[in-house]
Amino acid sequence: SRDELELARTVASHVALAVDRARADAALARSRDDLDRVLQAVADGVLAQDAAGKITFVNESAARQCGFDSVSELLALPIRDVIARFTLLDEDGQPLPHDRLPARVALREGRPEELLLRFRHHPTGEERWAITKATPVLDAAGRPRHAVSVFRDVTDQRRAEAHARFLADASAVLSSSLDEETTLQ
C-alpha cells in the first residue's frame with residue numbers, strides 16, 4: 001500500500017542517515033588517530049590546555065621534558081601540580097610568576113605568546129632551558145577555548161653559548177697583559 005511504501009522510504013532514509021553518520025564518525029576517529037600519531041612523533045613538546053587550564057593533550061616528548069615516565073602519568077595531574085615540580089625562572093634567573101607563562105597569557109589575552117624559559121626540576125635539581133610558544137584556539141566569539149603550547153629544549157645550546165662566552169672572556173683576559181704574574185692571576 002501507499003502507507004507501507006512511505007514507511008519503507010522513511011525507514012530507508014533513517015538507515016541511510018545512520019550509515020552516513022557511522023562512516024563520518026569512523027573517518028573522524030581515523031583522522032584523530034592520525035593526528036595523535038603525528039603529534040606523538042614530534043620531537044618538540046606539545047601540550048594543550050582548555051580554558052580552565054586543564055591539560056587535555058600531551059605528547060611523549062612533553063611528558064619526558066617535564067620529567068614524567070608517560071603521557072598518562074602527566075595527564076593524571078592538574079596543571080598546578082605539574083608546575084609545582086619546577087622553579088620557573090626568566091632568562092636572567094629571576095623568579096617567573098605563573099601568570100607570565102605563555103599558555104596563561106594565550107588563555108587570558110587570546111593572543112600567541114613566546115618566552116625563553118629557564119626552570120629547575122625539583123626532583124632532580126637539574127636546571128634546563130626551553131623556548132615555549134603558546135597559541136590560543138578561539139571559539140566563534142573570539143574567546144580562547146584552548147591554548148596549545150609547543151616547547152623546545154634548548155639547554156645544550158644555552159650551555160654551549162655560556163661555554164663559548166667563558167672561553168672568549170678568558171682569552172681576552174689572558175691576552176690583555178704580557179706580564180706573566182698578571183696573566184697567571
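This is a predicted model: local features need pLDDT of at least 70, side-chain atom pairs count only at pLDDT 80 or more; totals for chains, interfaces and linings use all residues.
View 1. Residues are numbered from 1 along each chain as its sequence is written, and side-chain values use heavy atoms, with hydrogens and water left out. A cavity is a set of points, on a 1 Å grid over the protein atoms alone, where a 1.4 Å probe fits but cannot get out; points are joined across faces, edges and corners, and the volume is the space filled by probe spheres set on them. The count is 1 cavity of 30 Å³ or more. Its lining (residues with an atom within 4 Å of a point) comprises 18 residues, and Cys66, Ile83, Leu101, Leu117 and Phe151 lie nearest the centre. At least two lining residues come from each of β1, α4 (79-83), β3, α5, β4, β5 and β6, with α4 giving the most, 3 residues. Helices (H or I, at least four residues) and strands (E, at least two) are DSSP runs, numbered from the N terminus.

**View 2. An open sheet of 6 strands has the order β2-β1-β6-β5-β4-β3.** The pairing is antiparallel; two strands pair if DSSP finds at least two bridges between them. β2 (55-58) and β3 (86-89) stand at the edges with a single partner strand each, so one side of each has no neighbour in the sheet. Neighbouring strands are turned by 30 degrees against each other on average, direction ignored. Between β1 and β2 there are 3 bridges, and Ala48 stands opposite Phe57 in β2.

**View 3. Helix α5 lies across β1, β4, β5 and β6.** The helix runs at about 160 degrees to β6 (axes are lines fitted to C-alpha atoms, for helices over the stretch in contact; angles run from 0 to 180 degrees between N-to-C directions). Within α5 (residues 102-109), Pro102, Ala103, Val105, Ala106 and Leu107 are buried, that is, under 20% relative accessible area (1.4 Å probe, protein chains only). Their cover includes β1, β4 (113-121), β5 (127-138) and β6 (144-153).

**View 4. Asp44 sits in the loop between α1 (2-41) and β1 (45-50).** Asp44 is buried, at 16% relative accessible area. Contacts (heavy atoms within 4.5 Å) link Asp44 to Asn59, Ser61, Gln65, Val150, Phe151 and Arg152, leaving aside residues up to four places away in sequence. The side chains of Asp44 and Arg152 form a polar contact of 2.9 Å. Such a contact is a pair of N or O atoms within 3.5 Å; within protein, one must be able to donate a hydrogen and the other to accept it, and residues adjacent in sequence count only if both atoms are side-chain atoms.

Conventions. Buried means under 20% relative accessible area, exposed over 50%, partly exposed in between (1.4 Å probe, protein chains only). On a 1 Å grid over the protein atoms alone, a cavity is a set of points where a 1.4 Å probe fits but cannot get out, and a pocket is an open set with protein on both sides within 12 Å along at least five of seven lines; lining residues have an atom within 4 Å of a point.
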